[in-house]
Amino acid sequence: MPLWFLTFAEILDFMTRAELFSQIQKKSSFLCVGLDADINKIPAHLKSESDPIFSFCKEIIEETADYAVAYKPNIAFFEALGPQGWETLQKVNELIPKEIFTIADAKRGDIGNTSQLYAKAFFEKMDFDSVTVAPYMGADSVTPFLEFEDKWVILLALTSNVGSMDFQLIKDENGKPLYQTVLEKSQEWGTPENLMYVVGATRGELIGEVRKIVPDHFFLVPGVGAQGGSLEDVAKYGMNSTCGLLVNSSRGIIYASGEKDFGKAARQEAKKLQGEMKNLLEMYL
C-alpha cells in the first residue's frame, strides 16, 4: 500500500477511537479474544514443541482473526514461564495483524517513576496499543501511561470478580460508590481518545450506570461466557453511538476443544459470538 494512502494514525501504528469503530463496522464485531494461555490447559500434542504457548496462540490468532477486533494477552500466563515467557509474549504480539487492537492485560499500578517504566516496557519495548491499569494509587500512578500520546490506558472501574464488592461498591458519606468516584476523577486525566474502562459483564444494570458517567468512552467488558455475563445486557446497557464496547471472551473460545482441532473449535466459537454481535449492532446502531 503506498504511503500516501495510509492515515496519519496508521503511519504511527496507532488506532484512534474512530478507526476502532471502523474495524467494528467492517467485521460486524466487537469481539476481544483473551489469550489466557495456560500451559496446563493447552492441548497435549503442543507440549512437545519448543515453544508450546506460541504455537497455541498462533493457531488461535490465525483461526479467529476474521472475527476479532482486539486480542488481550493475559500477561501473568507469560510471566509465569520466566524469560522465555517474555520472549513468547513479544512474538505473539508481533503476530497479531496490525489492524487489530492489542491489549496488555497487566493491571499495573504503582508510583509515578515505576509506572513510567511499566509504560515504557509495554508501549515502547513491546509496542502494545494499550495496557490495563489499576487506579488505587491515584493520578501519579495512572498519568505516566497517558503521557504516551499514541497509546491507550484501560482503567479498572467495575470488575466482574466476586471480590470487587470488597471496595468498588463501598459508598462515601454522600452515598456515592467508589467506582463512580474513580470514573469521575479519571476523566480529569484522560479523554475518550486515550482512556477506556474495564466494566464487568456480570454487573448487569450497573453497566448502564457507568455509561451515564462516561458516555463516550470505550469499555473493555470481561465476564461474558464462562463467567455467566449476558452479551445482550452488555449491549443494552453499554452500547453507545460508536459501539463503545470491546467484549472479551477467553476460555469460551481458546479452550473450546482440548484436542488437535482446538483452532477450528475456537474459530467456530468466535464466529458464533460475532454473529450475535452483528445482530446487536444492527439493533442498536
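Q: What is Lys107 in contact with, leaving aside its neighbours within four places in sequence?
A: Lys107 is in contact with Thr132, Val133, Ala134 and Leu156. Keep in mind as we go that this is a predicted model.

Q: Got it. Where does Lys107 lie?
A: You'll find Lys107 in strand S3, which covers residues 101-108.

Q: And what does UniProt list Lys107 for?
A: The UniProt entry, an unreviewed one, lists Lys107 for "active site".

Q: How accessible is Lys107?
A: Its relative accessibility is 44%, so Lys107 counts as partly exposed. For that label, the value has to fall between the 20% cut-off for buried and the 50% cut-off for exposed.

Q: Let's switch to charges. How many salt bridges does the structure hold?
A: There are twelve salt bridges in the structure. As background, side chains of opposite charge can pair when their charged atoms come close.

Q: Nice. Which residue does Lys264 meet in a salt bridge?
A: Lys264 meets Glu63, side chain to side chain, with 3.3 Å from N to O. Lys264 belongs to helix H12 (residues 262-284) and Glu63 to helix H3 (residues 52-64), so this pair ties together parts that are 201 residues apart in sequence.

Q: Are those two buried or exposed?
A: One of each! Lys264 counts as exposed at 52% relative accessibility, while Glu63, at 13%, counts as buried.

Q: What about Arg267, which residue does its side chain meet in a salt bridge?
A: That would be Asp66, at 3.0 Å from N to O. Here too distant parts of the chain are linked: Arg267 is in helix H12, and Asp66 is in the loop between H3 and strand S2 (68-73), 201 residues apart. Arg267 is partly exposed, with a relative accessible area of 23%, and Asp66 counts as partly exposed at 47%.

Q: One more pair: how far apart are the closest N and O atoms of Asp127 and Lys151?
A: In that salt bridge they are 2.8 Å apart. Asp127 sits in the loop between helix H6 (112-125) and S4, and Lys151 in the loop between H7 and strand S5 (152-158), which puts the two 24 residues apart. Asp127 counts as partly exposed at 30% relative accessibility, whereas Lys151 counts as buried at 3%.

Q: Changing topic: why is strand S8 largely enclosed by the rest of the structure?
A: Because five of the five residues in S8 (residues 245-249) are buried. Both faces are covered, with Leu245, Val247 and Ser249 on one side and Leu246 and Asn248 on the other.

Q: Which strands does S8 pair with?
A: Strand S1 (residues 31-35) runs parallel to S8 and is joined to it by three bridges. Strand S7 (residues 219-221) also pairs with S8 in the parallel sense, over three bridges.

Terms used: Residues are numbered from 1 along each chain as its sequence is written. This is a predicted model: local features need pLDDT of at least 70, side-chain atom pairs count only at pLDDT 80 or more; totals for chains, interfaces and linings use all residues. Side-chain values use heavy atoms; hydrogens and water are left out. Buried means under 20% relative accessible area, exposed over 50%, partly exposed in between (1.4 Å probe, protein chains only). Helices (H or I, at least four residues) and strands (E, at least two) are DSSP runs, numbered from the N terminus. Two strands pair if DSSP finds at least two bridges between them. UniProt positions are given in the numbering used here, feature names are shortened, and annotations may be inferred rather than shown by experiment. Contact means heavy atoms within 4.5 Å. A salt bridge is a side-chain nitrogen of Lys or Arg within 4 Å of a carboxyl oxygen of Asp or Glu.
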